[in-house]
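Here are my notes for anyone opening this structure for the first time. Have a look at it, then go through the points in order.

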Amino acid sequence: MMRKKNVPGMGRGSVHGVWRRATALLLALSLCLSMVSTTAWAATDTETVASQEDAAVTEMAEETEAEPESETETEIVQAEEVVWLNPFLEEALSETDLTASSEDETSEADAYADSEEAAVEELRAGLKARQETIVVGYTADSYEETAAESIAETALAHTGEAAEGDSLRLQLGGWRAAASYYTEDEICYITLTYTVTYLTTAAQEEEADAAVAEIAEELALSEGSAYEKISAIYGYLCAQVTCVDREKATELLQYTAYAALTEGTAADVGCAALTFRLALAAGLDARVIAGTWDDGSGAEPVNHVWNLIGLDGGGLL
């Protein structure tokens with residue numbers, strides 16, 4: 001009987017042990033490969049998210065830099081100073097005699113009228129009150145270089161009131177005007193600052209007004225025809241006032257109605273101003289016109305003013 005020879009370690013139990021160890025090794029290797037793959041994918045995802053976040057931050061920064069400022073500072077433009085010298089006083093006054101502009105020329109108006117008409121009324125009121133500095137603010141579609149002259153010229157226009165129009169114009173030496181403006185929401189905000197030189201004070205004007213009212217009552221200027229009223233005014237002036245040549249006027253006050261009333265002497269401008277006020281106090285319409293006068297002596301014609309007073313649909317010079 002033959003017997004099989006046993007080979008050491010090759011029994012049934014040993015084979016099974018080898019298979020178990022091989023299987024365990026394969027499972028461990030598979031698990032390690034799986035973990036490496038997962039870690040690699042996780043790292044890739046993290047890098048992708050970080051990259052996307054960096055791109056978003058960069059984009060936001062670029063948009064912020066490119067975005068214009070929502071609020072910009074309003075630019076205030078200063079215009080060149082304008083000077084007006086009363087042409088009726090060219091022999092007695094020069095530009096250097098005018099009051100210097102105030103130091104605070106660039107100040108803005110406290111309020112802005114919504115029309116040029118309202119600005120005109122504000123300037124006229126300031127002139128009548130003899131304010132040395134008058135600040136006028138108003139709005140318009142745009143700024144015009146002639147704004148200061150235009151507003152002033154309208155403020156001095158004929159209104160039919162004795163203390164306005166030609167009476168006010170004749171008693172001004174002149175003015176300097178500084179202008180500034182800015183635009184906001186398509187509206188132009190304009191500030192005009194007038195520095196005015198007057199021939200009379202507010203107190204002197206009040207005294208002149210009282211004297212004119214008293215004379216009008218004495219002459220009964222509220223009664224009679226237009227011609228009778230003019231005759232009464234002319235008679236008063238010839239009796240009470242001496243009109244001197246301009247070159248003989250020793251002071252600016254002699255160019256005023258106030259001097260004609262209180263001193264009894266005035267240059268032609270002062271006599272014309274008083275005649276104007278008496279005519280309007282009498283209910284007549286009157287204007288002051290300027291020209292030159294030739295006395296026929298062969299001498300050079302001189303500047304002179306006259307009164308034009310309404311009479312029966314016409315005028316009496």
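**Notes on the predicted model**

1. Let's start at the end of a helix: α8 is followed by glycine 283, which has a positive phi, near 85 degrees. Helices here are DSSP runs of H or I with at least four residues, strands are runs of E with at least two, and both are numbered from the N terminus. Helix α8 itself covers residues 268–281, 14 residues in total, and reaches 20 Å from its first C-alpha to its last. That is close to the 20 Å expected at 1.5 Å a residue, where the expected span is 1.5 Å times one less than the number of residues. The helix is mostly covered, with 13 of its 14 residues buried (buried is under 20% relative accessible area, exposed is over 50%, and partly exposed is in between, using a 1.4 Å probe and protein chains only).

2. Some ground rules. This is a predicted model, so to speak of local features pLDDT has to be at least 70, side-chain atom pairs count only at pLDDT 80 or more, and totals for chains, interfaces and linings use all residues. Residues are numbered from 1 along each chain as its sequence is written, and side-chain values use heavy atoms, with hydrogens and water left out.

3. The overall picture: the protein chain has eight helices and 10 strands. Of its 317 residues, 35% count as buried. The chain exposes about 19,600 Å², and carbon and sulfur atoms supply 52% of that (areas come from the Shrake-Rupley method with a 1.4 Å probe; for residues, only the protein chains shown count as cover). Among contacts between residues at least 6 apart in sequence, 66% join residues at least 24 apart, a contact being heavy atoms within 4.5 Å.

4. Strand β3 (residues 133–140) runs antiparallel to β5, joined to it by eight bridges; strands pair if DSSP finds at least two bridges between them. In that pairing, valine 135 stands opposite threonine 193.

5. Which strand pairs with β5 over 12 bridges? That one is β4 (residues 172–184), again in the antiparallel sense. Here tyrosine 181 stands opposite isoleucine 190. The hairpin of β4 and β5 has two residues between the strands, and aspartate 185 takes a positive phi near 55 degrees.

6. Threonine 197 is also found in β5. At 11% relative accessibility, this threonine counts as buried. Setting aside residues up to four places away in sequence, threonine 197 touches Asp97, Leu98, Thr99, Leu172, Gly173 and Gly174.

7. On to the aromatics: a search of the whole structure finds six aromatic pairs. Rings of Phe, Tyr and Trp (its six-membered ring) pair if their centres lie within 6.5 Å; planes under 30 degrees apart are stacked, over 60 edge-to-face, and the rest tilted. Tyrosine 112 and tyrosine 189 have ring centres 5.3 Å apart and planes at 85 degrees, so this pair is edge-to-face. Tyrosine 112 lies in the loop between β2 (82–85) and α2 (116–128) and tyrosine 189 in β5, so the pair ties together parts that are 77 residues apart in sequence. Tyrosine 189 is buried at 19% relative accessibility. Tyrosine 189 also forms a stacked pair with tyrosine 182, 5.0 Å centre to centre and with 10 degrees between the planes. Separately, Trp84, Trp175 and Tyr194 form one aromatic cluster.

8. Last, lysine 128 in helix α2. This lysine is partly exposed, with a relative accessible area of 37%. Leaving aside neighbours within four places in sequence, lysine 128 is in contact with Ala163, Glu164 and Leu168. Lysine 128 and threonine 201 are 73 residues apart in sequence and 9.8 Å apart in space, C-alpha to C-alpha.
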